[in-house]
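Here is a short walk through one structure. Keep the sequence and the 3D view side by side as you read.

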Amino acid sequence: QVQLVESGGGLVQAGGSLRLSCTVSGRAFNTYAMGWFRQAPGKEREFVARISGSVFSTFYADSVKGRFTISRDNAKNTVYLQMNSLKPEDTAVYYCAADARGVGPRYDYWGQGTQVTVSS
């Protein structure tokens, strides 16, 4: 069973930065496309960013474009989300997810989530 473990969440003031990490178990990480999603209280889960397995192509939601950067280190089985210029509306539980086939749109494995709170 593939396991995803997120870390790096916390409380930060508006304008600040955080870096989330997600470590994935198993030997097939480099074949997975990886995504970050978030869910704010009372709202549906929304897509944040995605990175492919080997070519490292990236895609972002408009709401985070230019502020967030997704990256990965295949040697460490880890995907990152660098979040800069944070806004109160970025407050949410952030989840990483793995697309095992690498072609979308379905994600097969999910982490437990990490809370990000941005104060105004």
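Arginine 72 lies over the face of phenylalanine 29, at 4.3 Å from the ring centre. A charge counts as over a ring if NZ of Lys or CZ of Arg is within 6 Å of the ring centre and within 35 degrees of the ring normal. This is a predicted model, in which local features need pLDDT of at least 70 and side-chain atom pairs count only at pLDDT 80 or more, while totals for chains, interfaces and linings use all residues. Residues are numbered from 1 along each chain as its sequence is written, and side-chain values use heavy atoms, with hydrogens and water left out.

Phenylalanine 29 is also one of the residues in contact with asparagine 77 (heavy atoms within 4.5 Å). Beyond four places in sequence, the contacts of asparagine 77 also include Cys22, Thr23, Val24, Ser25 and Gly26. Asparagine 77 sits in the loop between β7 (68–73) and β8 (78–83). Strands here are DSSP runs of E, at least two residues, numbered from the N terminus. Buried means under 20% relative accessible area, exposed over 50%, partly exposed in between (1.4 Å probe, protein chains only). A polar atom of the asparagine 77 side chain lies 2.7 Å from the backbone oxygen of glycine 26.

Now turn to the rings. The structure holds 6 aromatic pairs. Rings of Phe, Tyr and Trp (its six-membered ring) pair if their centres lie within 6.5 Å; planes under 30 degrees apart count as stacked, over 60 as edge-to-face and the rest as tilted. Phenylalanine 37 and phenylalanine 47 pair edge-to-face, 5.7 Å centre to centre, with 75 degrees between the planes. Phenylalanine 37 belongs to strand β4 (residues 33–39) and phenylalanine 47 to strand β5 (residues 46–51), so the pair ties together parts 10 residues apart in sequence. Phenylalanine 37 is buried at 11%; phenylalanine 47 is partly exposed at 24%.

Phenylalanine 37 forms another pair, with tryptophan 110. This one is tilted: 4.9 Å centre to centre, 55 degrees between the planes. It links distant parts of the chain, since tryptophan 110 lies in strand β10 (residues 109–110), 73 residues apart from phenylalanine 37. Tryptophan 110 is partly exposed, at 31% relative accessibility. Arginine 45 lies over its face, 3.9 Å from the ring centre. Ring pairs link Phe37, Phe47, Phe59, Tyr107 and Trp110 into a cluster.

Technical notes
Helix = DSSP H or I, 4+ residues; strand = E, 2+ residues; numbered from the N terminus. Polar contact = N/O pair within 3.5 Å; in protein donor to acceptor, adjacent residues only side chain to side chain.
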